[in-house]
Amino acid sequence: MHNMETREKIQFKPETVAEINRIISQFPQGKQKSALLRILHIAQHEFGNWLSVEVMDYIAEFLNIKPIEVYEVASFYSMYNLNPVGKVVLEVCHTGPCCLVGAEKMIKHIEQTLNIKPGETTSDGMFTLKTVECLGACGYGPMLQIGEDYHEKLTIEKLDNLLNVIKNKNN
Amino acid sequence: MPKVTIDGVTIEVDEGTTIMNAARKVGGEIVPPAMCYYSKLDKSGGKCRTCLVEVTKGSDKDPRPMPKLVASCSTPIMDGMEVSNKTSQKVLDARKGVVEFLLINHPLDCPVCDQAGECDLQNLSYEHGTEGTRFEEKKRVFDKIDIGPFIQLHMTRCIMCYRCVYTADQITNERVHGVLKRGDASEIGTYIEKAIDNDFSGNVIDVCPVGALTDKTFRFKSRVWFLNPMDAHRNCDKCSGKAVVWMFGEEIYRVTGRKDQYAEVEEFICNTCRFETKDLAKWTIEGPRHISRESVISQGHYEMQPLKIENNNEETK
Amino acid sequence: MGRKILLEKTGIENINTYEVYRREGGYSAVEKALKKMTPEEVVEEVKKSGLRGRGGAGFPAGMKWSFIAKPEGVPRYLLCNADESEPGTFKDRFLMEKIPHLLIEGMILSSYALGCNTSYIYIRGEYMWILRILEKALEEARQNGWLGKNILKSGYDLEIYVSPGAGAYICGEETALIESLEGKRGNPRMKPPFPAVKGLWQSPTVVNNVETISSVVSIVNNGGEQYASIGLGKSTGTKLISACGNIRKPGVYEIELGISVEEFLYSDEYCGGINNGKRLKACIPGGSSVPILPHYLVTKTANGEQRLMTYESLADGGFATGSMLGSGGFIVFDEDQCIVRNTWNFSRFYHHESCGQCSPCREGTGWMDKVLKRIEYGKGNMHDIDLLVSISKNIEGNTICPLGDAAAWPVASAIRHFREEFEWHIKEPVKCLETNYGLVKETELEA
């Protein structure tokens, strides 16, 4: 469970507010709660890759709904991180079809290379490894998702390459 | 009015009545058990699957049987519908399965549970459960959370009936708890450490079919079957003031709503009555609360005991 | 070469843009419908086509449409189910990515037929990049007068929006999808009432799969009868099959319903046979939820007849010896694959994806996951096999939504056809672990 801590005030950037208002306008008057899932995605992106209680309370206020309604939703869907994660989250599919073509080897390789287990973050805060269920890339496995990008038909070499590129970009 | 036949008993009911409520109109053996449905709570029902029944004939118009068992609490009757509850082996088997599912992760800590003796799950298990378990895995556990000074939450005992959530939504003015996470990790919680505290929050205790939500002011004080439940009322500016006070000698150990034969309260009561009015002088005792003869609570034969209760209640005069 | 309807034009360069799509005859079906057809006539053509829901259930689309309630003064909604999450299924994604305007054109036609003025595409959150493709395409369509007020001066108004999920397989179930689109947890609703009567915001609603809606374009262009002339019996038209697993050419293929499974699996036009010269061990023909077929029941039915890619033929033999076409997620296993491990894997999936609302699914999926994991990691007992069968039976048919069945069928069918392999795991755990992908070592017996 999370404790309230005092922090600087959470606020969306003005352009984000405009985007959110555009999304809300796609639903009938009074049905603004329908925008919740998308707003949570946006908030997660804007506020450091995870959803703190403060951020969720802010969204509740923004949409004029109860905070518990936001917690209920945020904790239901697997894409929302309710705890801090690394800068880059490696979401590797480990469902059947990907495993038929070697997903487990890829996961093992990432574990060994980064010295973390699924659910853990590297000590430098760079990578979090997450195993996820089917991402709809079964014919192009093994695969992983980083942010919005799918990386498919992975091999050990491709994986090493990818990790190096990310490391270099973030150094 | 449309007719429905349940286990051979035919009855006329209003259009839109569910199979469960039609059965309750008849009463007795043909009523399916309910762990999540609560007639006073909108949207409740359909979840626990203990009330599954077999529809052997859809209606006079379309006599085909329904392919699957249906939840009697959320399936409306059709004219000419024929339903098997206790007379269907399929239903009894399914119910046995459901009871097993409800119990595999349940701690079975009845000896230390305040709900014991008035627990719907206990009753259901006696009737439909089996001896022993086939579950060899570790039982699910949850982090303990504190939801305030009056209500104790034991998440491990919860069967996810959602009644307490609907109660908070429909009876209280602000809901601060809900269902978090999903699947078998779902839990009732507030997410942040927050007390569930408003005038009617205590009703979540009465609607809880198991010992997941219990009265902190009554915690470990006594087993319910050692107490004498008495209908009582008082003048209350928040609720009807009609309650049951559970007495040990001359002392009130706890206060609850008045529950009917389906363990549903007749009226919701406020927290002041429930938690803060334990002084006998503040209540007018009407007489013993009738409890089913099958209940362990009846073992005290309290209804037969002459009780010397002096009503010196100032408030009610 | 089989006839192509959905993927006919996906090879054309820049067909994802409005200009090229329009140049290639795109939106002509909307012109035809809005100028020359009544909504009822569009419904009639879809009925004639025999088109069946492509999301997995295979319910006749025209019939589903005709169920929608039409109370006065209440809006109706069409929702496109782009939540594609069934393991083995990745066809809708292909369609939306390659030719987004086809879906939009189908949405306009279907919305017109149903009398909807606002429609939504609910897309799984992980497909965020496809959401952006769709929003761009929608904007193009709007700019060119195919959306908005008084489209083609027909007096018909329509807006289409895209809304994302956030990681929950259950939201592919239509009432969970509706809940999610309302900004709630993806808990399926109790039925009745059905969405056709009370759906999104309690208004009459139809939910159709991406492929179903996209197929309407050709039906309007060429007529329902022409569509019905393709395929076999009640399996009319074409179907996208996403093929994966141990085959030479995984990918998305459009087939005429009625070709043989053998042709699909072994011809170079489609899967190209088993990869690396290995032999076929098993196949799940319709997405992870449908029963697995052992090699001897894949290309032939139990009666020795040729098995065809149709709803009927794949189901031939019932659950004893048949399976289902489902969503068209065609998963192929070669001789090296471990059925126990895969069954556990799918069980873990359903355990992870159960919404937790009803007891059989919430408790049963977790239980099966744990027992299967124990067996896979060498800690199983012989009685566990029958226990699994019993758990699956207690879930099947007793849940609020079909996820319970989807979780039960793979386990029941794997044990039905591969019982010996389960027994082998229990009798010789160490040997099994060494065989399985060469990944799991004895030291990892931690179940």
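User: How many helices and strands does chain A contain, and in what pattern do they follow one another?

Analyst: Helices (H or I, at least four residues) and strands (E, at least two) are DSSP runs, numbered from the N terminus. In this predicted model, chain A has seven helices and four strands. Residues are numbered from 1 along each chain as its sequence is written, while chains are lettered from A and ligands numbered from 1 in the order in which they are written. Local features need pLDDT of at least 70, side-chain atom pairs count only at pLDDT 80 or more, totals for chains, interfaces and linings use all residues, and side-chain values use heavy atoms, with hydrogens and water left out.

User: Which domains are assigned in chain A, and how far apart do their centres lie?

Analyst: Domain bounds come from an automatic or database domain assignment. For chain A this gives domain 1 (4–76) and domain 2 (88–169). The C-alpha centres of these two domains of chain A are 29 Å apart, and the C-alpha trace of chain A spans about 50 × 35 × 30 Å along its principal axes.

User: Why is helix H2 of chain A described as largely enclosed?

Analyst: An α-helix has 3.6 residues a turn, so residues three or four places apart point the same way. Helix H2 (residues 36–46) of chain A is largely enclosed by the rest of the structure because 10 of its 11 residues are buried. Among them are A:Leu36, A:Ile39, A:His41 and A:Glu46. Just after H2(A), A:Gly48 takes a positive phi of about 80°.

User: What is the strand order of the open sheet in chain B, and which strands form its edges?

Analyst: Strands of a sheet pair through backbone hydrogen bonds, either parallel or antiparallel. Two strands pair if DSSP finds at least two bridges between them. The open sheet in chain B has five strands in the order E2-E1-E5-E3-E4, with mixed pairing. Its edge strands, each pairing on one side only, are E2 (9–12) and E4 (70–71) of chain B. Strand E3 (residues 52–57) of chain B runs antiparallel to strand E5 (residues 81–84) of chain B, joined by three bridges. Here B:Glu54 has B:Ser84 as its bridge partner, and B:Lys57 stands opposite B:Glu82. E3(B) is also joined to E4(B) by two bridges, in the antiparallel sense; B:Leu52 has B:Ala71 as its bridge partner there.

User: Where is B:Thr50 found, and is B:Thr50 buried or exposed?

Analyst: B:Thr50 is found in the loop between helix H1 (19–26) and E3 of chain B. B:Thr50 is buried, with a relative accessible area of 0%. Leaving aside neighbours within four places in sequence, its contacts include B:Pro33, B:Met35, B:Arg95 and B:Leu124.

User: How does B:Lys194 count in terms of accessibility, and which residues does B:Lys194 touch?

Analyst: B:Lys194 counts as partly exposed, because its relative accessibility is 36%. The residue is found in the loop between strand E8 (187–189) and helix H5 (203–207) of chain B. Not counting residues up to four places away in sequence, B:Lys194 touches B:Asp146, B:Ile147 and B:Val176.

Conventions. Buried means under 20% relative accessible area, exposed over 50%, partly exposed in between (1.4 Å probe, protein chains only). Contact means heavy atoms within 4.5 Å.
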